[in-house]
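This note is for a colleague who is looking at the structure for the first time. The points below can be read in order, with the coordinates open alongside.

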Amino acid sequence: MKIRYILLAAAALLAAANSDACTSLIAAKGATDNGSTMITYAADSHTLYGELYRQPTADHPEGAMRPVIDWDSNKLLGEIKEVPHTYATIGNMNEHGLTIGESTWGGRPELEGSGLIDYGSLIYITLQRARTAREAIDVMTGLVNEYGYASSGESFSIADPDEVWIMESIGKGKSDPGAVWVARRVPDGYISGHANHARIHQFPLDDPETLYSPDVISFARSQGLFKGKDKDFDFSRTYAITDIGALRGCDARVWSYYNRFLPKGEADRWLPWILKGEGEVMPLWVKPAEPVTAENLKWMMRDHFEGTPLDMTTDIGAGPFDVPYRWRPMEYKVDGKTYTHERAIATQQTGFSFVADMNSGRHDAMRGILWFGVDDANTCVYIPVFNSADKVPHELAHGNGDLLTLSWDSMFWVNNYVANQAYNRYSQMIPDIRRVQKGHEDALVASVDFLTEKLTPDVPYESARAQLSRLTEGSAAQVTRDYKALGDYLFVKFLDGNIKKQDADGTFSRTTDGTPVQPEFGGYNQRYFESIAREQGDRLRVD
C-alpha cells in the first residue's frame with residue numbers, strides 16, 4: 001500500500017496527527033537485564049503541566065459515587081459507582097506496582113466515543129481497582145461495558161511485575177456508547193511499543209494471550225469497514241487511519257526503538273513502511289539482540305533519530321546549533337508542495353514522562369520504581385518514585401505553579417528554564433546539561449541499587465517506605481535546586497552569543513584586575529555559513 005504525503009482531511013481530527021501525542025515503549029520480562037517488566041510513557045501536550053498525581057488508599061461506604069472528570073479538558077463527565085476499597089496510586093503506578101501508559105491514535109472520526117469514561121479516567125480509575133495487568137484489562141473493559149467510552153482510538157501499555165499487555169480500543173460512535181478492543185500479551189523476551197498509531201494488526205482468534213471484545217469483527221462488518229474472513233481481520237487497518245502522519249510521525253518512533261536494540265541494519269527492512277506505507281508491516285514486537293536496561297529506556301525517551309536516516313540534526317532545519325527540535329506546526333508548504341518535520345520520541349512539549357521498572361524480587365515497598373521526569377525527557381533528570389509512596393515532593397506537587405504560573409521551586413519550571421535556553425544554542429549548551437543530568441542520574445541509580453540490596457524482605461514495610469520516601473523527596477529538592485543553578489549558569493555563560501571562559505574549578509575567568517576575561521566567540525556551524533553563502537553570497541562576499 002502506497003500512501004500520499006499529504007494528510008487526509010479527516011486526519012486533521014486525529015490525535016495521531018496532532019502535536020499533542022505520546023509515546024510508550026515496552027520491554028517484557030526476559031528482555032530486560034534484571035528480570036523486570038518495563039514500560040515508558042511520555043505525556044506530550046502543549047497544555048499539560050508536569051506534576052505527580054497521587055490518590056491515597058481508601059474505603060468507601062455503600063452507595064458512594066465517584067466523579068468522572070475528563071483528563072484532557074477537566075470537564076465533569078458524570079458519576080459512576082465507587083467500589084468498597086480503592087488502592088493507592090502515585091503517578092501512573094499503584095501500590096501493587098501495576099502501571100499503565102497510553103498513546104492516542106484517534107482513528108475513524110465517526111467512531112469517537114459517546115459514553116461516560118474518557119481514556120485518562122479509565123487509566124486512573126483502573127489503577128485504584130486492579131492489582132495485576134489481567135485484572136486491569138477486566139476492569140477497563142468492564143467499566144466501558146457498563147458506562148461507555150468517551151474518547152477516540154487509544155493504545156494502552158498495561159504492566160505488572162510479571163506481564164505486559166498492549167490493549168487497543170476505539171468507540172462505536174454516537175449510536176452506541178461502548179467500544180471495541182483487542183489486548184495482546186507481549187511475549188517474554190520481546191520488546192514492543194506504540195506511539196499514536198494502532199499497532200495491533202491481525203491477531204489469533206483462539207489464544208489465551210490474546211483477548212478481544214466479542215464484537216470487534218462483527219461491528220466492523222456492520223459499519224461496512226471489513227468484508228473478509230475473520231482470520232484476515234486487521235484491527236489497525238480497519239479502525240485506524242494509515243497515512244503519513246500515522247507512519248512517519250508515529251510508527252517511526254517505535255521503529256527507532258527497534259533499530260536501537262536489533263542487530264545493526266535489521267530494522268532497515270521496515271523503513272519503506274514508515275516512510276511510504278510500502279512493504280512489510282512493522283511487527284508488534286521483536287526480540288532484542290541484547291538485554292534492555294532502565295537506563296537504556298531513559299535514553300530512548302531522549303531519542304531524536306540520531307544516527308538514522310531520520311536524524312533531525314542533519315538538515316538546515318537544525319539551524320546553526322544542530323538543534324534536534326522543530327516548532328509546530330509539523331507540516332509546511334513550499335511552492336505548493338507539502339513537507340513534514342520529523343516527530344521524534346523526545347519533544348519540547350512533554351508534560352511528564354517516566355520509565356517504570358516492575359520486579360517482584362524486590363522488597364514489596366519498591367516492587368515498582370517509577371523513574372519520573374517533567375518537561376522534555378531529553379533534558380530532565382529522572383528521579384525514583386516508588387509504589388509505596390504516600391506523599392508527593394513539594395517540587396512535583398499539584399498546586400506548585402501551573403502552565404501559566406511560574407514557580408522557581410517547581411521542577412517543571414526549572415527544567416523548562418534549562419531546556420528552553422538549550423533550544424536556541426543546543427550544540428553549545430547540551431554538554432553542560434549532560435554533565436549535571438548524568439551526575440544526578442548516576443548517583444540516583446547507585447542509591448536505588450543500594451536500597452535494593454539493603455531492604456531485604458524482613459525489613460518492615462513502613463520502615464522501607466520511609467527510607468524510599470527520603471530518597472524521592474531529597475532527590476526532587478536537590479535536582480530542582482541544581483537545575484535552577486544550572487539555568488543561571490547557562491544564562492551567564494552564553495550571554496549575548498558569547499561563551500565565557502572558565503578556570504579549572506569552573507568559576508568564570510577574570511583578569512588580575514578583576515574584570516571578565518575576553519569571551520570566546522562561538523559563532524555558528526559550517527553548514528549554516530555555507531547556506532548563507534549560497535543564498536546571499538553575492539551581497540556578503542568581501543574577497
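1. Contact here means heavy atoms within 4.5 Å. The model is predicted. With that cut-off, L122, I125 and T126 in helix 1 meet a set of residues in helix 2, namely A136, V139, M140, L143 and V144. Sorted by class, the residues in this contact of helix 1 with helix 2 are seven nonpolar, one polar and no charged.

2. A pair of packed helices is described by the angle between their axes and the distance between the axes. Helix 1 spans residues 119-127 and helix 2 spans residues 133-147; they pack at an angle of about 130 degrees, and their axes are 10 Å apart. Because of that angle, helix 1 is oblique to helix 2. The crossing in which helix 1 passes helix 2 is right-handed.

3. Seven strands make up an open sheet, in the order 16-14-1-2-19-20-21, and their pairing is antiparallel. At the edges are strand 16 (285-286) and strand 21 (383-386), each of which pairs on one side only.

4. I191 has V286 of strand 16 opposite it. Helix 5 (residues 244-261) packs on the sheet, where it touches strand 1 (24-27), strand 14 and strand 16. The direction of helix 5 makes about 160 degrees with that of strand 14.

5. Strand 19 (residues 350-358) pairs with strand 20 in the antiparallel sense over seven bridges; D357 has I369 in strand 20 as its bridge partner. Strand 20 also pairs with strand 21 in the antiparallel sense, over four bridges, and W371 stands opposite P384 of strand 21.

6. Are the residues of strand 20 buried or exposed? Seven of the seven residues of strand 20 (residues 368-374) are buried, so the strand is largely enclosed by the rest of the structure. Buried is used here for under 20% relative accessible area.

7. In a regular strand, side chains alternate between the two faces of the sheet. In strand 20, G368, L370, F372 and V374 point one way, while I369, W371 and G373 point the other way, and all are buried.

Methods:
Residues numbered from 1 in each chain as written. Predicted model: local features only at pLDDT ≥ 70, side-chain atom pairs only at ≥ 80, totals over all residues. Heavy atoms only, no water. Pairing = 2+ DSSP bridges. Helix = DSSP H or I, 4+ residues; strand = E, 2+ residues; numbered from the N terminus. Axes fitted to C-alpha atoms, helices over the stretch in contact; angles between N-to-C directions. Parallel < 35°, antiparallel > 145°, perpendicular 65-115°, else oblique. Left-handed = near helix turned anticlockwise from the far one by under 90°. Nonpolar A, V, L, I, M, F, W, Y, C, P; charged D, E, K, R; others polar. Buried < 20%, exposed > 50% of the residue type's maximum accessible area, 1.4 Å probe, protein only.
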